[in-house]
Amino acid sequence: MHRSNLAPDVTQNSWVESLSPPVARGHALVDANIAARLSAAEKSGYRSSCGSGCSHCSYEPKYAEKQEARFLVETLTADGADMEVIRQRTQAWWDGFFSAGMHLRTTHTPGDFATLFRYRGARLACPVLADGICTAYAARPIGCRTHIA
């Protein structure tokens, strides 16, 4: 993976880091670990398909801690994002989630991929995805950061 092909990470945005230093530091540590692992993998011939314009990860189920969700909202607000549009997209995501027969207490049992396939089949895009681009890339949660293809 070549960082030049991706949006800047959280460590390059001091205004983002000032919003929630513990989350920003955690994200920076995860990013550094991923970069080191991808660099080692590239030496073995692996090349990540992640890059600008790829939004595959935005259709995968992710988990975010409450602090990360707050950090995401703070970042989007500070960046001047249209929060009403994001609220509408979030409501559409929830509507699609429940319409697909999923619920908040869905658990995943190893070897049983029915829930994952149901989620993927619903084609639920992350609410901060706009025109195939993550509008919150610098503040994306660890679940998004660690999704590497």
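Is E84 buried or partly exposed? E84 is partly exposed, because its relative accessibility is 42%. Keep in mind that this is a predicted model.

E84 has a charged partner. Its side chain meets that of R87 in a salt bridge, 3.7 Å from N to O. Both residues sit in helix α4, 3 residues apart, or about one turn of the helix. R87 counts as exposed, with a relative accessible area of 52%.

Next, R120 and E60. Their side chains form a salt bridge at 3.0 Å, N to O. R120 is in helix α5, residues 114-122, and E60 is in the loop between α2 and α3, so the pair ties together parts 60 residues apart in sequence. R120 is partly exposed at 36% relative accessible area. E60 is buried, because its relative accessibility is 9%.

Last stop, the surface. Which residues form a nonpolar patch there? W94, F98 and L104, with about 310 Å² of accessible area together. W94 brings us back to helix α4, which covers residues 83-99. W94 is partly exposed, at 31% relative accessibility.

Note on methods
Residues numbered from 1 in each chain as written. Predicted model: local features only at pLDDT ≥ 70, side-chain atom pairs only at ≥ 80, totals over all residues. Heavy atoms only, no water. Patch = residues over 30% accessible without salt bridge, like charges linked within 9 Å, V, L, I, M, F, W, Y side chains within 5 Å. Areas by Shrake-Rupley, 256 points an atom, 1.4 Å probe, with all protein chains shown as cover. Salt bridge = Lys/Arg side-chain N within 4 Å of Asp/Glu carboxyl O. Helix = DSSP H or I, 4+ residues; strand = E, 2+ residues; numbered from the N terminus. Buried < 20%, exposed > 50% of the residue type's maximum accessible area, 1.4 Å probe, protein only.
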